[in-house]
Amino acid sequence: MMMNTLKVVLLTSMLPFAASAAEELTPWYVGGGVGVNNYEPSCDLKTMKTCGKDDPYAWDVFGGYMFNEYFGLELGYRDLGRAEWTDYSNKSHDVGARGASLGLVALIPLANNWSITAEAGAFNYLLSNKKQTSTEYYSDSGVAPYIGAGIGYNFTENLMLQAKYRRYETLNEKQWDTLSMESNYWGLALSYRFGTAAKPVAAKPAPVAPMAPAVPGDADKDGVNDNIDKCPDTPMTHKVDATGCSVYEFVTKMYDLGKVLFDNDSAVIKPGYYADMEILGDHLVKYPAHTVIIEGHASNVGKPDYNMSLSERRAQAVATALMTKYGISASRIKSVGYGVTKPKMAGNTAEAHRVNRRIEAIVTGTEKRVVLR
């Protein structure tokens, strides 16, 4: 009863997507499969007298979501069938593995509607027996990894048939330590992807009426018909506007474009830092929308008021150089002095004084970036 309820829940949970998928092919799909399964080995001959035959019949139901044309995530419920054995007390035992699965799927399209598939994930299994006459009831659960591969054929854009192979590892019964199994599954799976892609539809032949106009297609599958799509080659990962062109957003970022050190009690830029000034100036010329804050600092030697004024003169010296040498507008440059309030290195050493006599250039820019689906 519980197993039938889970199948109904998994299938009915996808019905809202079917209702909303009338306009275009969606990322959602559902399906089911049947096949044969072989446990290897189905019992441990150290504790079991004889191993019976596996019940080869297995089935599964599943639903998934495709992130793009090639990769997706799949949730399912699987029953791998049963195996039988007899212990040294001549008691008959059986076991079956079933449970939920979650894994990644990959699909590589080939020519003429064929495709290659691969999958890998985890199987949250439950082992249990039917408790036949004179047997002990037991059950155990665990998580087993699995991998798989297959080949598929699309009858339509929605309907695909796949031949599949899966390998399950470590399907172990740990309570009595009697089972240590792997499993090989071969089967067929039929899946349905919700939605429909627009295609030209021809009218039925008539003796006098002309053919009905074709419905515009959507070659780049961005949801905008080709007849109004102004950007027909938009990547599938891009969000698009009503005309089929990529949507962009503007992101503000901050860059630290280096520093300039000064001599003691000096606001003169030393020749050794012209290269740093070149990097800063070239950046502002290349990106005319970017602005810069020149932060001036001083070492903790002398009076705080004098150091505050000195840090302001250092910041202004760099700002003036940007305006005179590189033609940067004053409206894009702000200079501010912090005196000794933001030291780069604490302490009263010669090295601390050297690195604290500096300016720092903080550039703020707004960049154009494509919005992804």
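How many bridges join strand β5 to strand β6? There are 14 of them, and the two strands, β5 at residues 92–109 and β6 at residues 114–128, run antiparallel. Strands here are DSSP runs (E, at least two residues), numbered from the N terminus, and two of them pair if DSSP finds at least two bridges between them. Ala106, for instance, has Ala118 of β6 as its bridge partner.

A quick word on the ground rules. The model is predicted, so local features need pLDDT of at least 70 and side-chain atom pairs count only at pLDDT 80 or more, while totals for chains, interfaces and linings use all residues. Residues are numbered from 1 along each chain as its sequence is written, and side-chain values use heavy atoms, with hydrogens and water left out.

On to the salt bridges (a side-chain nitrogen of Lys or Arg within 4 Å of a carboxyl oxygen of Asp or Glu): the count is nine. One of them pairs Glu119 with Arg166, with 3.0 Å between the closest N and O atoms. This pair ties strand β6 to strand β8 (residues 159–173), across 47 residues of chain. Glu119 and Arg166 are both buried, meaning under 20% relative accessible area, where exposed is over 50% and partly exposed lies in between (1.4 Å probe, protein chains only).

Lys270 and Asp263 also meet in a salt bridge, at 3.2 Å from N to O. Lys270 is partly exposed because its relative accessible area is 27%, and Asp263 is partly exposed at 39%. Elsewhere, salt bridges with shared partners join Asp60, Arg78, Glu119 and Arg166 into one network.

Key
Helices (H or I, at least four residues) and strands (E, at least two) are DSSP runs, numbered from the N terminus.
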